[in-house]
Amino acid sequence: MNTFSSALARLCHSCPVTEKWLIAPNRRVGYQWIDTLAAGGQPVLNLHVHTLRSAATSLALPELERTGSAVLYSRGSLFLAGKLFRSLRKESGGYLLSLRPTPALIQRLARLVEELRLAGLSPQNLIGRAFEHQLKADELARVLRGYTDFLRQQKLADYATLLRLATAAAEGAGNSDSPLVILPAALEVSRLERELLDSFPAGRVHRLPVDQPEEGYGWQRENGRDCRFANPSPTDRGAEIVRAVGEVNEITHALRRIIEDCRPLEQVELVHTSRETYLPLIYELLQAALPGELPGGPELPVTFAEGVPSRFTRPGRALAAWLRWLEAGLDRAGAVAMIGQGLLALPEEADVKHPALLSLLAELPVGKGRERWRWALREKVESLARRAGADERDEDGEKIGGGQRKLAAARVLRERMESLLEITPDPGCDDAALIEGARRMLEDFAAYPNELDSFARRALLDLVRDLQNWTQLHGSSGFSAADYLSDLAGSVPVMGMSPQPGKLHVSPLAEGGHSGRPLTIIVGLEDGRWPRRGGQDPLLLDNERARLNDELALSGDRQQRDEREFGLLLARVRGRVILSFASVNPADGSELSPSPLLLPVYRGLAGGEQLNRRRFPDSFPSPCSFAPASVALACRESGRWLASMLSLPPEEAAPLLARQYPHLERGQLAARLRDSDEFGEYDGYLAGAPDATNVLDPFAPGAAVLSASRLQAAGACPRRYFYHYVLGLQEPEEPPPPSQWLDAAAAGQLLHELLQRLLEVLLREDKLPENTPEQLELAGGIAEKLLEKYRALYPVPGEAAFGARRRWLLRAVRVFLAQEAQFCRTHTPRWLEASIGMKADAPRAGIGCEQPLSLPLGAGAVRVRGKIDRIDSREDGSYVITDYKSGKAGRYVRSKPFDGGRRVQHALYLALVQARLDRIDPGAEAVRFRYFFPAGAERGEQVEWLSDDLAAGSDLIGELCALISRGAFIATDKADKDCRYCRFRVVCGDVDTQAEQGVNKRNNPANTMLRNVIKVREYD
């Protein structure tokens, strides 16, 4: 027994007949505690398991009966939150109440309301100064006020009300009337829960000690940066750390370890850190490893503390398929899905199976629609009835058999489908009809051949009836019934159970280690998964929570709670512990790091207190993979085959592997060639492909029009050019962090639009930029309108993020006016947003044109285009080009204008403008190009070049075009420079190694196709 179990046993021994309430996080954990005592020989007479909620309900029950009140359970709280949100919602002008009421939003709002109430907060406490925006405070106060008013009017008691009633009941009871209340000292409680416990008579509440991390098996802080284990540590009891290639192999390794140890399943507890990731894997891998234990047969030898998600059950899948069928207009594909997967129950008296019905469905001329179904089913039955009575023979004159069986199947199909059509409402029906249809579907049509399906059907029916009863009594539940039902179909936990004899037990980390089993395997301990990283609650930010009440949890509390849960778990387990993490993501080959919480365990195993944290991930043996070490440890047929291959000499195994997995042979060939100094197709050389160069050649007639970004992509990394402009791959959009509003691209667009509008207004009024209060006020007004426009386009994560972006924009405007007031003493803005070679947003006269320009180069001419932010004229008739940048100037160096081929925008724009000036203003010259960074520093930054400085630009563009036409798309030679922010990096994988390989290939004189790549880098 661990410390808590021993203390509980002593208390039960000293008070054998006294009524005792054992307060547990949930009943499953409480019953595990009782089982541990019973297994140790301690009687548990009159010991009752409670949660704080059930204890409060028992105490409050007399008062509830006296006042005629009812308990509002968790689903009712969810429906009430949704009802209030919909009734208070505004289409526009709101803060939170203008959002669409999705199930996820309503669930979060319901949790927030309960959190506020458990912290003892009332609507009056939601004072405006605690919030970033007064409107938000008002809306939350209205929701909370509506919530409490509804409870009072309907005589309903939520959890907070139950706690208050229970506290009053406990305070009025004497010692003889109060049970002994027993709970672990580590149990976290809210303010109202703590008040309830404090209200019991003195000596009636026993907070029993638990194994604390610093006392045994957990971790404690060391110098505020790291953590370490105190002695005795888990390593003294046989701790082990393993890593695996992905989460699948974590679970597979756990099964292999059970096989290797010849350990009964009832001696193993498998603890996970992510329900969404690991429960499906455990369920599916056990099904694959135990082919006789399928859903239609005996149950799997496993218990899930949290239950199995309903999407793994027939009723859950049937409800989801029925909803999709309804949404698709009652099409044949939906019926095929339901019948083909055996989701519809068939009459017990019918001697017909689902495959027979499926073959009949394939013959029905049904597209979609209720009446088409009825006509097709009727015609099919009548046709088969006529044929069954006739003397039909095949082409050889033999009599056709099976007519009666097929007719019987058709009649069953007709009865099932027509009955299903009767209970299925029309697409676009109201919520009440849809809820009733879902109830009838689960009640009369969903198949439930085994225990798991039976529990799932019952659980889903109860939840659908709860929704139906609520809507009948109180009206709307606040969100779409279709959304709610779809969520139920996949997410309801089914058959959550305590550990059972003969079965593996699976539990989440917070509940793990209570079973007392001799082997505990913990999976999912990679960095970022545990401790969990989560952003702030978007409904109530951390700074608002801190100002409101110190009982409200902050975003950082989750990580601290996870760290503490991990320490408590390791402290309470007894026996051997295996800790596992995924070190490789099989999807892209990227490496994953172990959780920092594993470091103290590894220090104990390695015997090194000073183990370097940086070397920690490299200190483990090879990761567990899809191939087991021996055939005896294989969980599946594929594992046996791979293990047998590993037992063969390489020269014998290689041809067998190549025959079974030809892509592996190709991959090995590609790896060998990439590692050589020969440049070929596996390095990005396309010249060998039929007509590849003709398609790629920028000099060819009808070739793609070149832009600055296109040329610069080829100059920085030819392979990036290949991915984006040849294959047409799109770089995935990465959202900005939760604390930031607008990513770099959107922020740059906002700044450009502001500067353009400001200059347009000034030029219309025949003014130039000046650093005056009037122009600052004008710019501020334009900025505010644009901010509101972008606020509607891009959701704002919080007022702090919006305010930071607003300050950034206004500071950029001040810098712009201060700098341009000086610049425009000698320069006059002539054209803004000049589109050359491309269609403009609005018709513009002057230098712009829609047709791409022909740029003559040494090897021919190419078509080019560009959109130029601004062109200014000078008194001598020459012109200066300006391009605004929203970042900083650090990457632009005056003495290295081309940066090894990575910068050609300035040279291209000078050529474009000069070509147009030759047409509209003969003799005029574009003599200078400047980048202007109004947001880059307090005084602004500018980097500029004269046209003579960029004279080599045409030659560089020619080299880049020749590089493209040769199809030599080699990776960059500067991964640290060109790959750092490239979103194709996930495709490339190990960019450092590929850069090194590319250097070797460039240094090989035989690779003549790379000479343009080499020349490009010579342009500084």
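Gly329 is placed in the loop between H11 and helix H12 (332-340), where helices (H or I, at least four residues) and strands (E, at least two) are DSSP runs numbered from the N terminus. The model is a predicted one, in which local features need pLDDT of at least 70 and side-chain atom pairs count only at pLDDT 80 or more, whereas totals for chains, interfaces and linings use all residues. Residues are numbered from 1 along each chain as its sequence is written, and side-chain values use heavy atoms, with hydrogens and water left out.

With a relative accessible area of 18%, Gly329 is buried; buried denotes under 20% relative accessible area, exposed over 50%, and partly exposed the range in between (1.4 Å probe, protein chains only). Apart from neighbours within four places in sequence, Gly329 is in contact with Lys368, Gly369 and Pro427, contact being defined as heavy atoms within 4.5 Å. Gly367 is 38 residues from Gly329 along the chain, and the C-alpha atoms of the two glycines are separated by 9.4 Å.

Arg311 occupies the loop between strand E12 (308-309) and helix H11 (314-327). Its relative accessibility of 39% makes Arg311 partly exposed. When neighbours within four places in sequence are set aside, the residues in contact with Arg311 are Glu276, Pro280, Arg317, Ala489 and Gly490. Ala489 is 178 residues from Arg311 in sequence, yet the C-alpha to C-alpha distance between them is 6.1 Å. The side chain of Arg311 also reaches the backbone oxygen of Gly490 at 3.3 Å. A polar contact is a pair of N or O atoms within 3.5 Å; within protein, one must be able to donate a hydrogen and the other to accept it, and residues adjacent in sequence count only if both atoms are side-chain atoms.

A polar atom of the Ser965 side chain lies 2.8 Å from the backbone oxygen of Ala962. Ser965 counts as buried, at 17% relative accessibility.

Two helix pairs were examined. Helix H28 (residues 744-764) and helix H30 (residues 799-823) have axes that come within 11 Å and cross at roughly 40 degrees. Axes are lines fitted to C-alpha atoms, for helices over the stretch in contact, and angles run from 0 to 180 degrees between N-to-C directions. H28 is therefore oblique to H30; angles under 35 degrees count as roughly parallel, over 145 as roughly antiparallel, 65 to 115 as roughly perpendicular and the rest as oblique. The crossing of H28 and H30 is right-handed, a crossing being right-handed if the near helix is turned clockwise from the far one by less than a right angle, and left-handed if anticlockwise. From H28, the contact is made by Ala747, Leu750, Leu751, Leu754, Leu755, Leu758 and Leu759, and from H30 by Arg805, Trp808, Leu809, Ala812, Val813, Phe816 and Leu817. The residues of this contact between H28 and H30 comprise 13 nonpolar, no polar and 1 charged. In this classification, Ala, Val, Leu, Ile, Met, Phe, Trp, Tyr, Cys and Pro count as nonpolar, Asp, Glu, Lys and Arg as charged, and the others, Gly among them, as polar.

Helix H4 (residues 74-88) packs on helix H17 (residues 451-474) at an angle of about 45 degrees, and their axes are 11 Å apart. H4 and H17 are thus oblique to each other, and H4 passes H17 in a right-handed crossing. On the H4 side, Arg75, Gly76, Phe79, Leu80 and Lys83 meet Leu463, Asp466, Leu467, Trp470 and His474 of H17. The contact of H4 with H17 has 5 nonpolar, 2 polar and 3 charged residues.

Met495, in the loop between strand E13 (493-494) and strand E14 (504-508), is not a glycine but has a positive phi of about 60 degrees; Met495 is buried, at 19% relative accessible area. Leu742, also not a glycine, has a positive phi of about 80 degrees. Leu742 lies in the loop between helix H27 (718-726) and H28 and is buried, with a relative accessible area of 3%. Trp530 and Pro531 are joined by a cis peptide bond, with omega about 0 degrees, and Pro531 falls in the loop between strand E15 (519-523) and helix H19 (542-548).

Over the protein chain as a whole, there are 36 helices and 23 strands. Of its 1020 residues, 50% count as buried. Among contacts in the protein chain with a separation of 6 or more, 75% are accounted for by residues 24 or more positions apart.
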